[in-house]
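Subject: Structure for you to look through

Dear colleague,

I am passing on the structure that I mentioned, together with some notes on what turned up in it. Please open it first and keep it beside you as you read.

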Amino acid sequence: MTHNIMLVEGNRLMLEQLSNIISHTPEVKLVARYQDSNEALGQGIVFMPNIILLDADNQNIIHTLTEFHRVFPQADIICTGEKWHAESSSLYVNAGAKCFLVKPFSSEELMEAISSFSTGGSEADSKVLTFFSPKGKSGKTTLIANLAMAIAQRSGAAVGIIDADLQFGDMALFFNLKPQSTIVEAARDHDFLSPVSLGSYFIPVKNISVLCGTKDPSLIDKVSIPAFEALVKMSRTMFNYLLIDVPAGFNPTSIAAAEMSDVTYIVAMLNGGYELQHVQRALEIFKTWPDYKSRVKPILTRVEPCTINSQQQLSETIGYPVEGIIPNAYLDTSAAADSGQMSLEHNPNSPLSRRINYLAKKIIMNRQGEDDDF
Ligand SMILES: Nc1ncnc2c1ncn2[C@@H]1O[C@H](COP(=O)(O)OP(=O)(O)OP(=O)(O)O)[C@@H](O)[C@H]1O
Ligand SMILES: [Mg+2]
């Protein structure tokens, strides 16, 4: 299908620049261009555009957008602006826009935007899941990587991982990735990014996408908390499920991620020490949230025997329902790593894979259940 574009841009120089970019973009045709949006509304219909690029840097944008949506019901509208804002982005989408591009965009970004909404992938209704652990070596990265794949496999939805374990994140090692772009570059560029261009900082791997962590612990300073928050807000419009790996313990990153999440999982590995007390102490802190009961869920790893009975006993011990238990899977995880696969692929029927699939099913049902309520 040819994409017939109508360009509406208030700034004359930008109108020229964008027209030039559109003319050099394959598979699209610039059929009309206007500096004045009222003229576009009055005259544009004869050109039968099926895509409208609409300048969002004007004060009455929501009213204008609604008018364009009414006059051109068959056209997909892409808002364009100098900067992406989470707050206005959702207003644009509610008023009928398909997505947002930062000006001036490149041909590649324009094509990516068009293909993302023509395949139905725009503005995901997302669940953000943060995996918090009181201490390190909780099995959290193993859990996130396998769980993300299981969710994608079962639901066919868009699943992303952000490795925000800023100093020692090892999601890239885990998936054997050598990323060109990481959370550091994304944080550096976040002011100039929109969900469409942020997509290229994520690395596609298997059936999911990963925004890798810093390459060097000293780079932690390059990712400020406001930049990280902006990245999470933007990413949640790109994925149906966004899983965030954070540094162990309470620190600015883990707190920011937890606060932005729909669910925070407290992950701890049973090693015969004080792990359950750590979970209890972390829970005490999360209990200051009024809605902690629905937003904070413990998952215990290396649970043997990994049975419903154990789960019940563990729930009683900590005095809070345990959401999931993962068996001792040391051999499983190392055999999978040796074969260059995730445990879920290496042995789909292992106790570990079954437990991960069960958790994935719960997460998917939870999201769909809530969707049905709307
Ligand atoms: N369910 C499990 N049973 C036994 N060993 C496990 C399990 N899950 C992970 N491991 C092993 O424990 C170690 C730590 O796992 P992982 O890196 O996933 O934990 P983490 O909490 O992300 O650690 P870090 O604090 O270093 O980020 C790895 O050697 C891994 O193979
Ligand atoms: Mg880790």
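Predicted model: local features only at pLDDT ≥ 70, side-chain atom pairs only at ≥ 80, totals over all residues.

Another loop to look at is the one between helix 1 (12–23) and strand 2 (28–34), which holds Glu-27; the phi of Glu-27 is near 65°, a positive value in a residue that is not glycine.

Now to the ligand. Ligand 1 is surrounded by 16 residues, and the closest of them are Lys-137, Ser-138, Thr-141, Thr-142 and Ala-329. By class, this shell is made up of 5 nonpolar, 7 polar and 4 charged residues. Helix 6 (140–155) and helix 15 (330–338) each supply at least two residues of the shell, and helix 6 gives the most, with 3 residues.

A polar atom in the side chain of Thr-141 lies 2.6 Å from an oxygen atom of the ligand, a backbone N or O atom of Gly-139 is 3.0 Å from an oxygen atom of ligand 1, and for an N or O atom in the side chain of Thr-333 the distance to a ligand oxygen is 3.3 Å. On its own, ligand 1 has 630 Å² of accessible area, of which the protein covers 81%.

Where does ligand 1 sit? The ligand is found in the largest pocket, which has a volume of about 980 Å³. This pocket is lined by 37 residues, and those nearest its centre are Gly-139, Lys-140, Thr-141, Thr-142 and Phe-174. The lining divides into 17 nonpolar, 14 polar and 6 charged residues, and at least two residues of the lining come from each of helix 6, helix 7 (171–174), helix 15 and helix 17 (351–373).

With best wishes

Note on methods
Residues numbered from 1 in each chain as written. Chains lettered and ligands numbered in written order. Heavy atoms only, no water. Near = heavy atom within 4 Å. Polar contact = N/O pair within 3.5 Å; in protein donor to acceptor, adjacent residues only side chain to side chain. Areas by Shrake-Rupley, 256 points an atom, 1.4 Å probe, with all protein chains shown as cover. 1 Å grid on protein atoms, 1.4 Å probe; cavity = no way out; pocket = protein on both sides within 12 Å on 5 of 7 lines; lining within 4 Å. Sits in = over half its atoms within 2 Å of the grid points. Helix = DSSP H or I, 4+ residues; strand = E, 2+ residues; numbered from the N terminus. Nonpolar A, V, L, I, M, F, W, Y, C, P; charged D, E, K, R; others polar. Points joined across faces, edges and corners; volume = space filled by probe spheres on them.
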